[in-house]
Structures are given as structure tokens and as C-alpha cells.
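The entries follow the order in which I looked things up.

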Amino acid sequence: MNCIATNILTPIANGDIIYIPKCYITISAGKIFAVSETAPQVECLDKTDCLCIPGLIDSHVHLSQLYIRGKYAPDLMQWLHKHTFPAEGMSRDAKFSEQIAQDFYQQSLAKGTTTSVVYTSPYPAACETAFKVAEAAGVRSIIGMTMMDRNCPDYLKQETAASIRASCELWDKWHDKGLLDYIFSPRFAITCSAELLEETGNLVKSLTARLQSHLSENTFEIEQVLDLFPGNSSYTALYEKYGLLGNRSIMGHGIHLARQEIECLRATDTGIAFCPDSNFFLKSGRFKWNEIEESGIRVGLGSDVGAGTDLSMLKMMKFADYILDKSTFTPAKAFYHGTLGNAVLLGLESKIGSLEAGKEADLVFLQHDEFFKTAVDSEDILSLLIYLNQEIKIESTWIQGKELYNKAKSGGNNEVS
Ligand SMILES: [Zn+2]
């Protein structure tokens, strides 16, 4: 049994947080045994100068786009062709794909992210490498090889059958393996044939596998999808027809959804990854927070790196708050959707997302003493955490009770800002 003396801030429900100063987290077999205000009869590691929050969760991120963050294009389609596709093509090289995976997971840990839902480039070997790197790093990651069989450069284009076969092989090998899982990842309807979408839908159903894709991000994209697949009433209806919706599916963005599409996502219990930084960067539009929240659809926050400019989920919380207009979004909701809300999106809320007895000890320690000295209550702490996140230093990041990143030991090169 290990014990850490610290101060904790954790979500307990959507919009509801608790702050417990001067408390003790006891950890046994990688799980939180108890959070208590009285000292246990064991020696405790002193982190009373830190604020401890749950490990952050990123529900939508592209590993192979790490190095193109901040590269401008006026909109989604131009950005894909100018920056994204060439960048993903780099992962054909084995050394490159290993280096970028190492950088991705180390930088994610340095930003306090303990769980990520990842797209890799469309090469099976690059996806396999990402799994091996994630496994060696000890991180929690749900990873999928991007599937594309049309409307992309030849060096990325997969044969339909080969794309499906490779995805199945990766699923066989990595499904529910330790902290890792596989997620089928057709990029979006523009780069996927009807056959690819339909077969993927059938597979996901028969395997009860996870699936991620992009939906309704950009108005031009939507028009193109409806041109490519005539006779469908909406982008969402198309995905429903091919069996891509369901309670293990996460759709990235969902910005321009019509009321019937929102209803369809709710009825099928499909989740949405809201990626505010990316939506800003590509000027894709404003997420309909109030309508989506009212519908009861499960929503989490994603960085969407590389259209998102940063792996920091604290930054995504701030951007989510900034992008939403006249909404009922609050700092407590932002915190929830980057932690426990994302865990709910992934069906992992019994294991991660908050600091409670019985959950896995995925912890982030933030340097606390100087920074939070003006805070008088939990609302202040939360507010500073989100709005001044660029000034907060992450001291260490832990998964299952093991320290995987420590700022002092890393030379302080991987700061939040
Ligand atoms: Zn994306």
C-alpha cells in the first residue's frame, strides 16, 4: 500500500466537482484504495505542494499529425491536402513512425494525458508500432489505423479488402490487451467507399468493436458527402445505413448536425468528440452545445491534434468554454468533459475519470503552492486551472499508481505551455 499526501480536485458528476485540501490518497495494486482526510498508518509521499487531478483523457487525436500542428490552411479540405496527407505519408518509414509515436506518448504524458483515443496513418505497420510504443510506455490508449480507399493520394490509398483485413488483424492482436484497445477508424465518408463503410459496419457489429470516424465537420465536406452518396437524407443517415453508429462509436466534431441527425445519434447512443481548438483553427463552425447537451448524447473533449494545436486537455477545456456562444457551459463542465465525461464516452467510467476509491490510480500532480495562492475556494481553483492553464506546471503524471512522467527528471523540457 502506497500513500500520497496532497490536495485533490475531482469531478463527481457533470458540472459538479469536489476539492479536498490536505488529504491522503492510498493506492493498492494500481488502484485508489481510499481518499481520506485522516492520515493512514503508513508512510506517505509528501505532495502537499501539489494539486492532484484525475488523469486527463483525449477522445480524438491523430498521432501521425503531431509535427504539423499550427500549419495553416483556410479550411478542412485544403488543410488535409496541403499538410495532413503528406505528413501521414511520412509514417511509411519505420524509423519515422517509431519516433513520432515515442514523441506523441511522451508529450501526452507531459501534458497530463493518461488516456488517448488515437488515429494513426493508414499503414498497418505504423499502427502496430504505435501499439508497441504505447505498451512499452505503460500508457492507456485506444488506437486505430485510419482507413481510406479513395479520394486521397495514391501513397495513402488502401485496397478495400486489404484495409479491412489489416484492421481485423490489428484488432485480433490488440483488442482489450492490458491498457490498450483497438478502434476501427474509417477516416470519413469522402475517403471511404460504400463497400469499405458497409463492411466495417458489419465487422464492428459482429465483433462488438469500437469505431471512430469524423462527421459533419465542415459545410463543404457535407455537400461533397451527399454528392458522393446520393439518395441519403443526411451525413448521419448515411453512417446509420452502413451500421457505423452505436454505443461503442465516437464521431469527431458533429458541428453542423440537423435536429433529426442529433436525434439519430441519441437514439443509437453514439458519442461525440467535441474538438474546440480544431474547430477554431479550421474555422469549421460552432458546436451546438446546448442542443447536444439537451439531447443527452454522450460528449467528450478531444484535442484533434494536428488540426488542434496542442495536446493539453486543460487548454481544450478553456477553448471549449471560449468557442461556445451563449451556452450553459461552465468551468466545471469543461473539467468534467476532459475527465469523467470522456470516460463515460469510452464506457470506462468505472475505471477512470475521477479520484474515487476503486478507480485506477491515473493521477496528475500540478505545482500548487505559488500558483493557487490567490484561490479562496474550489471554484477559484478550478477557474485558475482552466483559464490560466498555460501558467501551470505539471509536476508528474501517473498511470495505475506508477509515475510515468516527472518534470524534474525530464529536465523540465515538456511543460504545459
Ligand atoms: Zn480528427
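**Entry 1: the parallel sheet**

I began with strand β6 (residues 113-120) and strand β7 (residues 140-147), which pair in the parallel sense over six bridges. I count two strands as paired if DSSP finds at least two bridges between them. Helices (H or I, at least four residues) and strands (E, at least two) are DSSP runs, numbered from the N terminus. Within this pairing, I found that T115 has R140 in β7 as its bridge partner.

I note that this is a predicted model, in which local features need pLDDT of at least 70 and side-chain atom pairs count only at pLDDT 80 or more, while totals for chains, interfaces and linings use all residues. Residues are numbered from 1 along each chain as its sequence is written.

I then traced the open sheet of eight strands, whose order is β5-β6-β7-β8-β9-β10-β11-β12, with parallel pairing. At its edges I found β5 (56-62) and β12 (299-301), each with a single partner strand, so one side of each has no neighbour in the sheet. From one strand to the next, the twist averages 25°. For such angles, axes are lines fitted to C-alpha atoms, for helices over the stretch in contact, and angles run from 0 to 180 degrees between N-to-C directions.

**Entry 2: the mixed sheet**

I next followed seven strands that form an open sheet of mixed pairing, in the order β3-β2-β1-β4-β13-β14-β15. The edges are β3 (31-36) and β15, each with a single partner strand, so one side of each is left without a neighbour in the sheet. Strand β13 (residues 363-367) pairs with β14 in the antiparallel sense over four bridges. I located F365 opposite S396 in β14.

**Entry 3: a helix pair**

How are helix α11 (residues 313-323) and helix α14 (residues 378-387) packed? I read an angle of about 95° between them, with their axes 7 Å apart. The two helices are therefore roughly perpendicular to each other, a term for angles of 65 to 115 degrees. The contact is made by L314, M317, K318 and D321 of α11, with L385, I386 and Y387 of α14. Two residues are in contact if their C-beta atoms, placed from the backbone, lie within 7 Å.

**Entry 4: the domains**

Finally, I looked up the division of the protein chain into domain 1 (2-55 + 352-406) and domain 2 (56-311). These bounds come from an automatic or database domain assignment. The domain centres, taken over C-alpha atoms, are 31 Å apart. Domain 1 gives 11 residues to the contact and domain 2 gives 12.

Conventions
Angles under 35 degrees count as roughly parallel, over 145 as roughly antiparallel, 65 to 115 as roughly perpendicular and the rest as oblique.
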